[in-house]
Amino acid sequence: MIQEFVATGGDFRDWRPSYNIAPTDRVPVVREWEHDGTITREVDAATWGLTPAWSTGGKRPAPINARLETVATNGMFRTAFDSRRCIVPMTGYYEWEDLPDGKQPHFIHGDGLLAAAGLYAARKESDDSWSHSMTIITREARDASGEIHDRMPAFLERNVWDEWLRPGKLTDPNHLLDLLDRTSIAVAAHIESYPVSRRVNSVRVPDAERQDPALIRPLS
């Protein structure tokens, strides 16, 4: 990921794959920020479920998705859309089909790494450390998942990564919304799906099993 996104990051040996990621898990995100005129791009870890810095109390909102249709105006996401956009790299994602004998997961993927449009929030914790959380922008399904679910992540083509990540206040939110609409439709044209093991239905499994690439192999 560090090579793919031309980013800095921690020791890559610290990262482990997971093929059964769930909300509240920590996942890699790509983000940029500017300090003293220098822009830094980094692969960092963030908790899946956006916790805005303004939220307080024990029960904080933590939405895992933000709708493309309202992301620029919804008070939960407006500030992050304006200045804290990120990319959520993934090999693919799952949707579930209701069958008479239970829910059947399908692995939805492209030809290589996918870059989902995301938003992130930074929070200073009581020990003065910083934590990050994130949400994934979704839109009406235009890919292979449309046969299974009516929503899909809004994916970014490589040629718009720089514009999406660019830090600083937006001058024209509608331009970025139109760009996200177009590029996500273009990526969707190359996405496919197939059924996989029902082991991905549960997150109450050991880490070793969640790191098993057999989870995304097609059912025979």
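Visitor: Which strand gives the most to the lining of the largest pocket?

Guide: Bear in mind that this is a predicted model. The general idea is that rolling a probe the size of a water molecule over the atoms shows where empty space is left. Here, strand 5 is the top contributor to the lining of the largest pocket, with nine residues. That pocket holds about 1,400 Å³ of space. Its lining counts 45 residues, and Ser18, Ile21, Val27, Met90 and Gly92 lie nearest the centre. Elements giving two or more residues to this lining include strand 2, strand 3 and helix 4 (207-210).

Visitor: How many nonpolar, polar and charged residues does that lining have?

Guide: Sorted by class, there are 27 nonpolar, ten polar and eight charged residues around the largest pocket.

Visitor: And what about the second largest pocket, which residues lie nearest its centre?

Guide: Leu113, Leu114, Leu156, Arg158 and Val187 do, out of 14 lining residues. The space in this pocket comes to about 280 Å³. Strand 6 gives the most to its lining, with six residues. By class, you get seven nonpolar, three polar and four charged residues.

Visitor: Let's move to cores. Which residues touch the most other members of the largest nonpolar core?

Guide: In soluble globular proteins, nonpolar side chains tend to be buried together. In this model the largest such core has 28 residues, and Ile87, Ile137 and Trp164 touch the most other members. Helix 1 (78-83), strand 6 (102-124), helix 2 (161-165) and helix 3 (173-188) each supply at least two residues of that core. Another core lies apart from it, with 20 residues, among them Val29, Cys86, Ile136 and Val187. As for Ile87, its contacts beyond four places in sequence include Phe5, Val29, Ala115, Leu156 and Trp164.

Visitor: Is Asp44 buried or exposed?

Guide: Asp44 counts as buried because its relative accessibility is 19%, and the cut-off for buried is under 20%. You'll find Asp44 in strand 3 (residues 38-48). Its side chain makes a polar contact with the side chain of Arg31, at 3.2 Å. Leaving out residues up to four places away in sequence, Asp44 also touches others, including Trp15, Val27 and His132.

Visitor: Where is Asp36, and what is its phi?

Guide: Asp36 sits in the loop between strand 2 (26-35) and strand 3. Its phi is near 55°, a positive value in a residue other than glycine. Asp36 is exposed, at 71% relative accessible area. Asp128 also has a positive phi, near 75°. Asp128 lies in the loop between strand 6 and strand 7 (130-140), and is exposed at 55%.

Definitions and conventions:
Residues are numbered from 1 along each chain as its sequence is written. This is a predicted model: local features need pLDDT of at least 70, side-chain atom pairs count only at pLDDT 80 or more; totals for chains, interfaces and linings use all residues. Side-chain values use heavy atoms; hydrogens and water are left out. Helices (H or I, at least four residues) and strands (E, at least two) are DSSP runs, numbered from the N terminus. Buried means under 20% relative accessible area, exposed over 50%, partly exposed in between (1.4 Å probe, protein chains only). A polar contact is a pair of N or O atoms within 3.5 Å; within protein, one must be able to donate a hydrogen and the other to accept it, and residues adjacent in sequence count only if both atoms are side-chain atoms. Contact means heavy atoms within 4.5 Å. A nonpolar core is a set of buried Ala, Val, Leu, Ile, Met, Phe, Trp, Tyr and Cys residues joined through side-chain atoms within 4.5 Å. On a 1 Å grid over the protein atoms alone, a cavity is a set of points where a 1.4 Å probe fits but cannot get out, and a pocket is an open set with protein on both sides within 12 Å along at least five of seven lines; lining residues have an atom within 4 Å of a point. Grid points are joined across faces, edges and corners, and a volume is the space filled by probe spheres set on the points. Ala, Val, Leu, Ile, Met, Phe, Trp, Tyr, Cys and Pro count as nonpolar, Asp, Glu, Lys and Arg as charged, and the others, Gly among them, as polar.
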